[in-house]
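Trainee: I would like to go through this model with you. Could we take it piece by piece?
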Amino acid sequence: MEDTIVAISTALQKGAISIIRLSGKEAINIVESIFKGQNLTKVPSHTIHYGFIMEKNTKIDEVLVSIFKSPKTYTKEDVVEINCHGSIATTNKILELLLTKGCRLAEPGEFTKRAFLNGRIDLTQAEAVSDLISSKTDKSREMFLNQLSGELSSQIKTLRQELLNLLANIAVNIDYPEYEDATIITNSLLKEKLAAIIKSLNKLLKTAKNGKIIKDGINIALVGRPNVGKSSLLNKLLQEEKAIVTDIAGTTRDIVEGSITINGITFNFIDTAGIRKTTDIVEKLGVDKSKELINKSDYIICVLNGSEKLTKEDQEILAFLKNKNHLIFINKNDQKIKLDLPNHNVVYGNTIFEDGINKLKEKLIEEFNLNHLESEDPTYLSNARQISLVKRSLQSLENALNNTSLDIPVDLLELDIKQAYDLLGEITGETYQDELIDELFKNFCLGK
Amino acid sequence: MYDVIVVGGGHAGCEAAHASAVLGKKTLLITADIKNIADMPCNPSIGGTAKGIVVREIDALGGLMGKIADRSHFQIKMLNSKKGPAVRSLRAQADKLLYPKIMLETLQKTPNLEIQEAMVEDIIIKNKQITGVILENNEKIFTKILILTTGTYLKAQILVGNKKTPSGPHGQKESKHLSNNLKKLGFDIQRLKTGTPPRINKNSVNLQDLEEELGDEMYYTFSFDNPPFYNLQDQEKCYLVYTNEQTHQIIKDNLDKSSMYGGYVEGIGPRYCPSIEDKIVRFSDKSRHQLFLEPETKENDEWYLQGFSTSMPHDIQEKMVHSLKGFENAIITKYAYAIEYDAINPLQMKLSLESKIIENLFTAGQINGTSGYEEAAAQGLIAGINACLKLDKKEPLVLKRNEAYIGVLIDDLVTKGTKEPYRLLTSRAEYRLLLRHDNADLRLRKYGYQIGLIPKDKYEALKLKENQINTLINILSTTYIKLTEKTKNIFKDNNFEVPTSSISLANLLKRPEIQIEFLSHFIDLNYSFDVLEQVQIHIKYQGYINKALKEVEKLLKLEKKKIPEDINYNTVLNLASEAKQKLNQIRPTTIAQASRISGVNPSDIAVLSVYLKKEYGLNE
């Protein structure tokens with residue numbers, strides 16, 4: 001029980017809040033590392049704290065964090081509970097963040113198991129716990145293996161094999177220093193090799209993003225000053241496509257106006273109060289809030305009125321969107337168009353005619369490459385555990401890469417590479433310990 | 001009645017008998033031939049990657065190998081000296097006649113130790129406990145504890161071409177019946193194979209055609225306790241030579257005549273010590289293979305041709321050797337051969353090296369499925385120590401994987417078993433950054449002292465060294481350089497970048513270009529080389545060392561969770577059947593060991609933990 005474990009304790013479905021629970025020695029430190037608010041390592045036990053979950057400098061969610069210090073807790077270990085907003089996207093995002101900070105996804109029944117092992121639960125429940133562990137793990141193992149067929153597992157296997165070759169080569173350099181037929185892995189050679197593998201892993205993470213899209217949908221913010229036709233556009237979108245009456249996928253419940261599916265992918269539209277300068281304090285709060293929402297959404301549609309010239313307000317909005325994923329919908333092309341934005345990602349349309357927003361939908365499909373996304377394909381890195389393993393494996397390799405420049409000897413850098421290799425093995429479920437030695441003698445003619 | 005009888009006078013037997021006698025036990029070493037004490041039937045070197053570290057560990061614990069190697073080698077090298085500190089390792093070319101001679105003298109001088117020439121053919125058991133041995137002439141000798149270190153002698157057969165001859169190495173007498181008798185007692189006997197290359201008369205080789213291999217130009221010793229006994233310039237040379245297309249053709253043309261490829265071998269050979277025919281078959285794309293010509297002793301001109309191990313008939317060996325450049329007229333003084341022998345399945349041993357089947361019976365060395373003088377000596381030492389601890393009713397010495405290569409070796413054997421002769425490799429040690437050549441004394445001397453093999457003065461010297469290391473680390477971490485014109489100039493004069501602000505000496509030392517000696521510009525560095533080396537490694541590689549220590553912390557928690565000896569795995573519900581079978585066979589002593597068994601999954605470990613808590617109230 002040396003690991004700190006984490007799981008989403010509430011059922012992952014629509015609800016006002018979700019609870020993410022951690023247990024273990026590092027629980028408080030891990031949450032503290034992504035929490036903005038009071039210093040959680042210094043607060044008394046059994047207290048609740050208001051604050052924000054942060055990813056670097058971005059607020060992910062407004063939360064309440066409960067701190068329970070060992071031993072008076074469910075597992076008798078340090079326990080932290082994060083109450084966050086109930087959307088699947090947000091809850092998963094927080095879980096994913098926690099996993100990259102060093103805790104591990106709990107196995108089914110693991111909190112209860114710890115509670116038992118730490119003497120919290122009555123002994124008579126032992127068998128029940130044991131049954132739970134074995135049945136659930138068998139089942140999840142099965143699920144886990146099904147999930148990993150085809151493309152993804154072969155990609156990971158290829159990358160692992162590359163790492164293994166590298167490790168075997170380094171091992172030959174170390175164990176058989178006089179053997180001259182093996183390439184000597186120097187820091188500069190290692191740098192090159194690591195950079196290539198890191199690149200492939202990053203690519204893999206991109207497919208992971210696709211996986212997330214399939215699962216959680218795409219959050220799209222509609223922005224524009226008042227009266228450019230945002231509401232008409234939204235209504236038209238919702239009318240034409242099958243609207244889902246739900247609030248589960250939104251970043252914050254009360255601003256998701258509606259969701260539609262295009263090519264099997266959910267688009268969650270978030271209407272914003274509009275971005276503009278204001279002196280009214282109440283309104284200003286709303287504007288700040290919408291800027292925040294824009295930062296959190298995956299994509300932005302900026303609506304402009306094509307029958308008018310660009311206003312100062314429009315220009316401010318465009319400047320604000322400069323470095324964000326967005327497109328500009330020039331509305332009202334049923335009238336005379338007075339707008340021309342040559343260097344922008346622009347779609348023309350209107351909400352009057354039947355085919356007025358067809359171009360917009362085509363553009364969205366193109367933007368998200370939806371024709372290449374097959375939602376039935378199980379091979380995407382779709383769950384948080386896998387994403388976190390790839391990320392941690394990347395961290396190890398990046399650490400090694402950075403240290404190549406510091407003249408750290410290859411046989412130390414090898415420890416990072418080995419770690420990356422083991423982490424990838426956890427994804428495919430292969431952790432056979434003698435692989436390296438087998439590889440060594442298979443590939444190199446060694447010995448006296 | 002002896003306290004301890006050791007059967008076999010090889011590297012394992014010598015260490016075992018010596019340790020037992022030094023610890024005050026009445027000890028008898030039985031060997032088939034006293035002239036073969038500490039014989040080196042294969043390569044004439046001691047140490048090597050990972051193995052050199054084992055020799056240091058043996059020395060730290062109070063064993064003999066390092067001290068005797070220091071007195072008997074004629075060349076020594078630090079392997080991987082250009083790589084990181086964790087993989088450096090010494091290797092010496094030891095004199096094959098001198099090493100055994102010094103060993104025999106040492107044993108003969110050891111109080112409480114008798115040496116007898118005889119062949120043991122059976123053991124005497126009473127109530128599953130050892131009581132003695134039976135010699136070839138039916139004489140019985142009684143003992144409280146028996147240590148078997150029979151090497152490659154159990155039912156040994158020498159293979160050359162299609163000929164199989166019952167014999168130990170180099171025509172020594174083999175043990176005919178002991179392994180059969182062990183089998184009857186329930187030992188799982190496996191057949192292993194190894195081999196040795198031909199020996200060549202050096203004067204018959206044209207050495208100018210060969211590349212020279214020299215010793216290092218720095219003094220080294222294996223032992224922590226003695227100075228070097230050699231002169232740098234007196235070191236002997238070794239030579240590098242290559243096989244060629246002609247050699248390969250001869251081998252290919254005659255493959256069916258080799259014992260290995262002719263189908264005459266049952267035993268499983270080690271992958272890391274392949275015969276030359278193996279190399280040529282498995283790596284057919286290679287146009288040449290490296291061979292080393294190494295002196296065996298200063299007393300004669302018989303040299304060892306490393307890399308040319310074979311089981312070809314003698315006439316083919318002649319052709320093969322003569323095809324090498326410079327060897328056109330070479331005289332083979334001993335032909336190469338393969339050897340098959342019986343070994344026990346190490347899964348039947350405890351981590352103390354005591355048998356799980358027969359109480360008070362210990363085994364060490366090649367009988368346990370290992371290969372190599374160093375691996376043998378290490379096990380011998382541990383078996384000798386644990387025999388004494390058992391007699392004294394004390395807990396055995398079990399070195400953990402984070403403490404010593406010796407710990408890795410024994411844990412691997414006992415937990416995973418082996419199907420081929422086992423050789424230590426650095427890649428087998430997951431905490432190798434902590435298991436360094438340079439810190440073997442800091443890791444292990446305390447155990448040697450507690451047991452009684454390391455005298456008090458040496459232990460106190462170690463404590464002093466430890467104190468100095470800690471003091472200096474502390475000084476370097478708390479001393480800051482003030483940036484004055486004077487200090488700035490020191491950096492400039494050495495072509496180092498001037499720090500931008502006041503910096504601690506420890507942080508300065510982390511810079512790749514800076515060595516600890518440079519710090520003497522700022523503070524008094526009046527410490528021994530060893531202390532400076534430790535401090536430098538500690539500070540420079542702190543990030544990685546801390547990472548390793550964190551991993552060790554996890555391991556130790558699991559190591560603390562003991563599994564009772566009497567556990568009945570059949571009553572553990574929900575344990576997968578493969579796990580149940582493996583656990584029953586290996587009977588791990590801790591949850592950590594259980595989790596290293598292949599086929600035992602994390603869910604099995606979870607189920608087992610729950611069971612232990614329920615049945616035994618065991619937890620942390």
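Mentor: We shall go from the overall content to sheets, helix pairs and a few backbone details. This is a predicted model, in which local features need pLDDT of at least 70 and side-chain atom pairs count only at pLDDT 80 or more, whereas totals for chains, interfaces and linings use all residues. Residues are numbered from 1 along each chain as its sequence is written, and chains are lettered from A and ligands numbered from 1 in the order in which they are written.

Trainee: How many helices and strands does chain A have?
Mentor: Chain A has 13 helices and 14 strands. Helices (H or I, at least four residues) and strands (E, at least two) are DSSP runs, numbered from the N terminus.

Trainee: And what percentage of chain A is buried?
Mentor: Of its 448 residues, 42% count as buried. Buried means that 20 or more other C-beta atoms lie within 10 Å of the residue's own; exposed means 12 or fewer, and partly exposed is in between, with C-beta atoms placed from the backbone.

Trainee: Which residues have the most contacts inside the largest nonpolar core?
Mentor: They are B:Leu146, B:Ile147, B:Leu293 and B:Tyr405, in a core of 174 residues. The largest share, 11 residues, is supplied by helix H5 (residues 150–175) of chain A. Such a core is a set of buried Ala, Val, Leu, Ile, Met, Phe, Trp, Tyr and Cys residues joined through C-beta atoms within 7 Å.

Trainee: What does B:Leu146 touch, leaving aside neighbours within four places in sequence?
Mentor: B:Leu146 is in contact with B:Ile5, B:Val7, B:Ile123, B:Ile130, B:Val133, B:Asn360 and B:Leu361. Contact here means that the C-beta atoms, placed from the backbone, lie within 7 Å.

Trainee: B:Ile5 is on that list. What is its bridge partner in E2(B)?
Mentor: The partner of B:Ile5 is B:Leu28. Strand E1 (residues 2–7) of chain B pairs with E2(B) in the parallel sense over four bridges; two strands pair if DSSP finds at least two bridges between them.

Trainee: Why is E2(B) described as largely enclosed?
Mentor: Strand E2 (residues 27–31) of chain B is largely enclosed by the rest of the structure because five of its five residues are buried. In a regular strand the side chains alternate between the two faces of the sheet. Here B:Thr27, B:Leu29 and B:Thr31 point one way, B:Leu28 and B:Ile30 the other, and all are buried.

Trainee: Next, the four-stranded sheet in chain B. What is its strand order?
Mentor: The order is E11-E10-E19-E12, in an open sheet with antiparallel pairing. Its edge strands, E11 (163–166) and E12 (189–196), each pair on one side only. Neighbouring strands are turned by 25° against each other on average, direction ignored.

Trainee: Turning to helices, at what angle do H3 and H4 of chain B pack?
Mentor: Helix H3 (residues 65–72) and helix H4 (residues 98–109) of chain B pack at about 130°, with their axes 9 Å apart. Axes are lines fitted to C-alpha atoms, for helices over the stretch in contact, and angles run from 0 to 180 degrees between N-to-C directions. H3(B) and H4(B) are therefore oblique to each other: angles under 35 degrees count as roughly parallel, over 145 as roughly antiparallel, 65 to 115 as roughly perpendicular and the rest as oblique. Among the residues that meet are B:Ile68 and B:Ala69 in H3(B) and B:Ile102 and B:Met103 in H4(B).

Trainee: Finally, where is the cis peptide bond?
Mentor: The cis bond joins A:Ser70 and A:Pro71, with omega about 5°. A:Pro71 lies in the loop between strand E5 (58–68) and strand E6 (79–85) of chain A.

Trainee: Is A:Lys56 buried or exposed?
Mentor: A:Lys56 counts as exposed because it has 5 C-beta neighbours inside 10 Å. Its phi is positive, near 50°, in a residue other than glycine.

Key: Two residues are in contact if their C-beta atoms, placed from the backbone, lie within 7 Å.
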